[in-house]
Amino acid sequence: MELGQVPLHFSRLAMFPLFDVAHYVASALGLREQRGAVEVSYQSPIACWVSTMLHCFGGSVLSSLMLAESPVGFLANNINVLLASLVWYLVFYCPQDMFYRCFSFLPLRLMVAGMKEVTRTWKITGGITHANSHYKNAWLIMVAVGWARGAGGGLISNFEQLVRGIWKPESNELLKMSYPVKVTLVGAILFTLQHTQSLPITRHNLMFFYTIFLVVTKVTMMLTPSAISPFAPFEAVLGRMLFGWQHPPSNTNSEAKLSSPSTSSSCDTPSTRENSDGAKKRQVKKVE
């Protein structure tokens, strides 16, 4: 096989079953390591199973809702649901936590995380193609559906937390995006531009280079102690250029106005107090 044919053969990889199972394992492990997830697994196994399915198939649920399709359509794929359920059971209920301990081993964890990033590329491209079949060349819809398909588990994290009895609206991904959500949005934009022939690159080459970027950055972030997003420098520069010129109005003037009565009352001199006391005594004498 020639070196130039590597991206083409890579774009033809089948995600089922190895890559899909790796995605399920990484999603279930991420859920288990969240605070309170183990307690919920013993209090309500059904709630834990639903949360795991939302982590595994959240992209399909969200993209289906956006296209007015059934959000439970993923349940029709019996084999994938059974595989995800088997992974859920092994992660949470395996005797002696052998399954969880096995995949906590760093090399295996890195392998699973890298394989999950491969599935992210396929989910983005699948979402864009599916959106284009409903709305021809509607690039905003294609970006939105591709983004939802690739990062749906993170975008619906508030609903998933609500299933486990947790309500944290401040953790909304739209308010503070995590790195997977950001990089999926960038990928959805790139693949949409390529699909509309606005980006001069072939689809299989873009899939190959984008996936390499995903895997390398994911493994690097897991190996390094700092969890700084690779987009942080660009976000800082663009934030100052596009949104940093106008600053929110300061509250110094209002605070000064509110504090002025108290300061004026507290700054009364002794002479003014004596004058007021003398006036009160004269009024009392007149009354007498």
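Predicted model: local features only at pLDDT ≥ 70, side-chain atom pairs only at ≥ 80, totals over all residues.

The questions and answers below go from the overall fold to individual residues.

User: Among contacts between residues at least 6 apart in sequence, what percentage joins residues at least 24 apart?

Analyst: A contact here means heavy atoms within 4.5 Å. Among the contacts in the protein between residues at least 6 apart in sequence, the share that joins residues at least 24 apart is 73%.

User: Is Cys-48 buried or exposed, and which class does Cys-102 fall in?

Analyst: Cys-48 has a relative accessible area of 2%, so it is buried. Cys-102 has a relative accessibility of 39%.

User: What is the geometry of the ring pair formed by Phe-10 and Phe-208?

Analyst: The structure holds 14 aromatic pairs, including this one, whose ring centres are 5.6 Å apart. Planes over 60 degrees apart count as edge-to-face. The planes of Phe-10 and Phe-208 stand at 85 degrees, so the pair is edge-to-face.

User: How many residues apart in sequence are the parts that this pair ties together?

Analyst: Both Phe-10 and Phe-208 are buried. Phe-10 lies in helix H1 (residues 6-11), whereas Phe-208 lies in helix H11 (residues 203-223). The pair therefore ties together parts whose separation in sequence is 198 residues.

User: How is the pair of Phe-99 and Phe-103 classed, and which helix holds both residues?

Analyst: The ring centres are 4.8 Å apart and the planes are at 45 degrees, so the pair is tilted. Phe-99 is buried at a relative accessible area of 17%, and Phe-103 is buried at 16%. The two residues are 4 residues apart, about one turn of the helix, and both lie in helix H6.

User: Which residues do ring pairs link into a cluster?

Analyst: Two rings pair if their centres lie within 6.5 Å. Ring pairs of this kind link a cluster made of Tyr-42, Trp-88, Tyr-89, Phe-92 and Tyr-93.

User: Where does Asn-158 lie, and which residues does it touch?

Analyst: Asn-158 lies in helix H9 (residues 157-163). With a relative accessible area of 11%, Asn-158 is buried. Not counting residues up to four places away in sequence, Asn-158 touches Ile-166, Lys-168, Pro-169, Ser-171, Asn-172 and Glu-173.

User: How far apart in space are Glu-173 and Ser-157?

Analyst: Glu-173 is placed in the loop between H9 and helix H10 (179-195), and it is buried at a relative accessible area of 11%. Leaving aside neighbours within four places in sequence, the contacts of Glu-173 include Gly-154, Leu-155, Ser-157 and Asn-158. Glu-173 and Ser-157 are 16 residues apart in sequence, and their C-alpha to C-alpha distance is 7.7 Å.

User: Which residues is Leu-190 in contact with?

Analyst: Leu-190 is found in helix H10 and is partly exposed at 28% relative accessibility. Its C-alpha atom is 9.2 Å from that of Tyr-210, which is 20 residues apart along the chain. Leaving aside neighbours within four places in sequence, Leu-190 is in contact with Leu-199 and Leu-206.

User: What area does the nonpolar surface patch with Met-241 have?

Analyst: Met-241 is found in helix H12 (residues 232-243) and is partly exposed, with a relative accessible area of 48%. The nonpolar patch is made by Met-241 together with Phe-234, Val-237, Leu-238, Leu-242 and Phe-243. Its area is about 680 Å².

Terms used:
Residues numbered from 1 in each chain as written. Heavy atoms only, no water. Buried < 20%, exposed > 50% of the residue type's maximum accessible area, 1.4 Å probe, protein only. Patch = residues over 30% accessible without salt bridge, like charges linked within 9 Å, V, L, I, M, F, W, Y side chains within 5 Å. Areas by Shrake-Rupley, 256 points an atom, 1.4 Å probe, with all protein chains shown as cover. Salt bridge = Lys/Arg side-chain N within 4 Å of Asp/Glu carboxyl O. Phe/Tyr/Trp six-rings, centres within 6.5 Å; stacked < 30°, edge-to-face > 60°.
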